[in-house]
Amino acid sequence: MKKRTQRIALSATPATSAELRIRQKRGQVTYDALIDTAFALLAEREFDEISIAELAQKAGYSVGAFYARFKSKDELFDAMIVRHIEQRRAVRARQFATESDQSLVREIIQETVRYFWTRRRFWRAALIRSIGDSEFWEPIRSMSHELQDAFIARVTARAGRPLTKPEQTNVRFAVQLVLGTVNNTIINRPGPIFMGQASFVDGLVRAFNLVSGYTDALPAPPSSQLAKKRDEAR
């Protein structure tokens, strides 16, 4: 009896901080692996076609391991959206920090199109879910507003003055135009130009610059560069 009591007492001993860290790390590894595997499977087919059993098996874990971390596929998808937002914010921060005024718009649009084309099934699932769940879309809408704010700050700095309300609206609408066109193309593929074509990016860059007035705010190039451009155009 004493031996049994001792065994129970030992099993109830709290884990040390090192043991907890190991468990948490293992839990995070499994959590990340399930998310990574979901993204990988979405490269092949739609989200609704992927079962929890298949996802867990492909990730190398049991169904129980899945349910220990996610209550449902919807909760898994929420985690994927969090991952998406973290990655997009990091990419955008790098672009605004490293790209020149002349290359910024094209780089952001080109990378955005490439990213969403690669993850089009993931994004299609997100767009479909947003139709019936406006709260789900709110963090994504906030990220779009952050991009608008970043462009307004860039144009303001180059113009050397605060933008008027109509000018700010133009910049915001230009961002909305680009992202809305990408979303519509993923859902409906209206054509005549599709995301896999180079002219899709070219068209979006022209539309953004035209609506936003971004290029008008850039400093005029030195006269030597203007002469070079004239020579190249001949």
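**Fold and contacts**

User: How many helices and how many strands are there in the protein?
Analyst: This is a predicted model, in which local features need pLDDT of at least 70 and side-chain atom pairs count only at pLDDT 80 or more, while totals for chains, interfaces and linings use all residues. Residues are numbered from 1 along each chain as its sequence is written, and side-chain values use heavy atoms, with hydrogens and water left out. Helices (H or I, at least four residues) and strands (E, at least two) are DSSP runs, numbered from the N terminus. Read along the sequence, the pattern is α-α-α-α-α-α-α-α-α-α-α-α, and the count for the protein is 12 helices and 0 strands.

User: What percentage of the residues in the protein is buried?
Analyst: Buried means under 20% relative accessible area, exposed over 50%, and partly exposed in between (1.4 Å probe, protein chains only). Of the 234 residues in the protein, the buried ones make up 37%.

User: Among contacts between residues at least 6 apart in sequence, what share joins residues at least 24 apart?
Analyst: A contact means heavy atoms within 4.5 Å. Among contacts in the protein between residues at least 6 apart in sequence, the share that joins residues at least 24 apart is 65%.

**Aromatic rings**

User: How are the rings of Phe-39 and Phe-122 arranged?
Analyst: Rings of Phe, Tyr and Trp (its six-membered ring) pair if their centres lie within 6.5 Å; planes under 30 degrees apart count as stacked, over 60 as edge-to-face and the rest as tilted. The structure holds 14 aromatic pairs. In the pair of Phe-39 and Phe-122, the centres are 5.0 Å apart and the planes stand at 65 degrees, so the arrangement is edge-to-face.

User: Which helices does the pair of Phe-39 and Phe-122 tie together?
Analyst: Phe-39 is buried at a relative accessible area of 11%, and Phe-122 is buried at 1%. The two residues lie in separate helices, so their pair ties together parts that are 83 residues apart in sequence: α2 (residues 17–42) and α7 (residues 120–132).

User: How far apart in sequence are the parts that Phe-151 and Tyr-214 tie together?
Analyst: The ring centres of Phe-151 and Tyr-214 are 6.1 Å apart with planes at 85 degrees, so this pair is edge-to-face. Phe-151 is buried, and so is Tyr-214. Phe-151 lies in helix α8 (residues 134–159) and Tyr-214 in helix α11 (residues 214–217), so the parts are apart in sequence by 63 residues.

User: The charged end of which residue sits over the ring of Trp-117?
Analyst: A charge sits over a ring if NZ of Lys or CZ of Arg is within 6 Å of the ring centre and within 35 degrees of the ring normal. Lys-73 has its charged end over the ring of Phe-47, 4.6 Å from the centre. Over Trp-117, at 4.0 Å from the ring centre, sits the charged end of Arg-120.

User: Which helices hold Arg-129 and Asp-78?
Analyst: A salt bridge is a side-chain nitrogen of Lys or Arg within 4 Å of a carboxyl oxygen of Asp or Glu, and by this rule there are 16 salt bridges. In the one between Arg-129 and Asp-78, the closest N and O atoms are 2.9 Å apart. The pair links distant parts of the chain, 51 residues apart, with Arg-129 in α7 and Asp-78 in α5 (residues 73–98).

User: Is Asp-101 buried or exposed?
Analyst: Asp-101 forms a salt bridge with Arg-158, with the closest N and O atoms 2.5 Å apart. Arg-158 lies in helix α8 and Asp-101 in helix α6 (residues 101–118), so the pair ties together parts 57 residues apart in sequence. Arg-158 is partly exposed at 32%, whereas Asp-101, at 12% relative accessibility, counts as buried.
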